[in-house]
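My plan is to look at how the chain is divided, then at what holds onto what.

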Amino acid sequence: MDPSEHHSIVIVGGGTAGITVAARLCRALDKPDVCIVEPSDKHYYQPLWTLVGGGAATKESTERDEAGLIPPGAVWLRDAVTEFEPENNVVRTRDGRRLHYDYLIVAPGIQLDWHKVDGLPAALGKDGVCSNYAYQYVDSTWQFLRGMREGRAIFTNPNTPVKCGGAPQKIMWLAEHHFRRTGVRDQVQVTFATAGASIFGVKKYREALEKLVVARHIDTRFHHNLIAVRPAAREAVFTRSEPGGASEEVVLRYDLLHVTPPMSAPDFIKRSPLVNAAGWVEVDRASLRHVRYPNVFALGDASSLPTSKTGAAIRKQAPVLVSNLLAAMRGEAGTASYDGYTSCPLITGYGRLILAEFDYDGNPAETFPFDQSKERLSMYLLKKYALPQMYWHGMLRGRA
Ligand code: FAD
């Protein structure tokens with residue numbers, strides 16, 4: 001192996017963002033010289049994990065071989081980036097490579113910090129403790145939901161940014177519907193314990209969800225941040241802190257505990273010179289270009305873009321990034337601009353979905369000519385059947 005290689009464009013991460021921009025670049029360039037650094041040989045369509053946890057899809061249907069997704073014209077380096085030297089236009093890798101680049105795109109996603117909840121890593125997947133947030137545990141959600149007849153089901157949401165801000169509650173709505181369908185709803189208390197101050201950040205959809213909370217008798221606990229799990233006693237320990245008030249410890253007994261873990265930028269990103277104070281890759285929110293290193297761009301979950309971290313957001317970020325990067329390659333100033341568009345398909349039951357779409361300012365940015373804050377079967381079918389097809393055959397091919 002030549003430990004020192006050069007590519008015109010190096011992409012860190014071959015997930016949703018990395019493959020989408022690679023495919024677009026390979027379509028746009030006559031002779032692409034694009035290298036994707038990605039350690040995993042599998043790629044996952046994570047948005048479907050909500051339905052897997054609810055028993056409405058199989059986890060195998062969300063998995064593809066990474067090799068089949070590398071666009072023609074790009075090379076895949078099965079390695080992991082460990083360090084950045086933006087002054088030298090170099091990234092270093094786990095296997096000892098020094099990769100030189102003209103342009104760098106940083107897209108390694110978000111890190112799941114399971115270890116930040118005391119007792120959680122050992123408890124996961126056993127005795128009612130589950131999570132949709134990892135391929136290896138998503139089956140346990142359905143296993144425990146299916147077996148539940150009585151008691152308390154708790155669904156948590158941490159005090160950090162997470163990928164898909166709506167996913168912590170989507171599984172709660174599915175569970176609630178499942179308990180009704182199986183006739184055990186009166187015996188099961190459904191609790192949504194969130195570190196947030198409300199059920200959803202955007203007013204239009206929050207108001208719709210608040211009505212459902214009342215109608216479906218959801219026990220909501222705001223300002224509750226999960227800090228520990230005690231599986232022997234089946235206790236979930238939260239810090240409850242009202243803004244401006246003192247904080248106190250709250251212990252809730254559970255029979256089922258669905259955990260959305262705390263998340264942060266990957267550690268190797270946090271340690272790098274590319275980040276802002278919060279640890280995210282610091283790019284301009286309109287151009288997606290790095291604020292200090294003009295030949296560096298970032299998008300997706302690891303970026304500092306102040307919007308909800310979703311694949312739908314990446315679908316709108318990718319063409320902007322590619323347009324501005326191609327302009328930079330021509331020596332021109334890019335003019336493409338991202339408005340913060342993101343989407344959260346809020347599943348509110350089997351066959352029901354509120355399609356939240358909004359921009360940086362929390363203004364609805366809806367696709368369809370009807371009120372998307374209403375629960376609809378059509379939007380559920382879109383989520384379950386149409387969006388996965390669009391992802392594999394459109395977005396990851398650089399077409400949609
Ligand atoms: P990822 O797709 O996670 O990819 C990051 C890649 O970087 C990975 O392949 C990883 O192996 C690689 N990597 C990591 N470290 C390194 C390294 N050191 N060097 C090189 N590569 C590295 N989005 C929606 O739009 N709608 C939804 O309904 C939705 N629901 C969701 C539900 C759940 C349960 C989950 C978990 C996610 C959901 N999302 C949803 C979010 C969506 O999946 C993510 O926002 C999206 O996948 C982020 O893309 P990304 O490329 O930034 O990160």
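This is a predicted model: local features need pLDDT of at least 70, side-chain atom pairs count only at pLDDT 80 or more; totals for chains, interfaces and linings use all residues.

**Entry 1: the domains.** Domain 1 takes residues 4-110 + 265-338, and domain 2 takes 113-263. So that I remember how to read this: these bounds are an assignment, automatic or from a database. I then checked the spacing, and the C-alpha centres of the two domains lie 31 Å apart. The contact takes 19 residues from domain 1 and 20 residues from domain 2.

**Entry 2: the area between them.** Next I asked how much area domain 1 and domain 2 bury between them. I got about 1,600 Å², with 62% of it on carbon and sulfur atoms. On the domain 1 side, the residues that lose the most area to domain 2 are Trp49, Thr50 and Lys59. Together they make up 35% of what that side buries.

Entry 3: How many salt bridges does the rule find across the interface of domain 1 and domain 2? I found one. I also noted a salt bridge between the side chains of lysine 59 and aspartate 139, at 3.6 Å from N to O. For polar contact, the rule gives four residue pairs across the interface. Helix α2, residues 49-53, gives the most to the side of domain 1 that touches domain 2, namely five residues. I sorted that side by class too: six nonpolar, eight polar and five charged residues.

**Entry 4: the ligand.** For alanine 17, a polar backbone atom is 2.8 Å from an oxygen atom of the ligand. I looked at two side chains as well. Lysine 170 has a side-chain N or O atom 2.9 Å from a ligand oxygen. In glutamine 46, a polar side-chain atom lies 3.2 Å from an oxygen atom of the ligand.

**Entry 5: salt bridges overall.** Last, I searched the whole structure and counted 25 salt bridges. I wrote down the one where the side chains of arginine 230 and glutamate 249 meet, 3.9 Å from N to O. This pair links distant parts of the chain, 19 residues apart. Arginine 230 sits in strand β14 (residues 224-230), and glutamate 249 in strand β16 (residues 247-253).

How values were computed: Residues are numbered from 1 along each chain as its sequence is written. Side-chain values use heavy atoms; hydrogens and water are left out. Contact means heavy atoms within 4.5 Å. Buried area is the accessible area (1.4 Å probe) that two parts lose on being put together, summed over both. A salt bridge is a side-chain nitrogen of Lys or Arg within 4 Å of a carboxyl oxygen of Asp or Glu. A polar contact is a pair of N or O atoms within 3.5 Å; within protein, one must be able to donate a hydrogen and the other to accept it, and residues adjacent in sequence count only if both atoms are side-chain atoms. Helices (H or I, at least four residues) and strands (E, at least two) are DSSP runs, numbered from the N terminus. Ala, Val, Leu, Ile, Met, Phe, Trp, Tyr, Cys and Pro count as nonpolar, Asp, Glu, Lys and Arg as charged, and the others, Gly among them, as polar.
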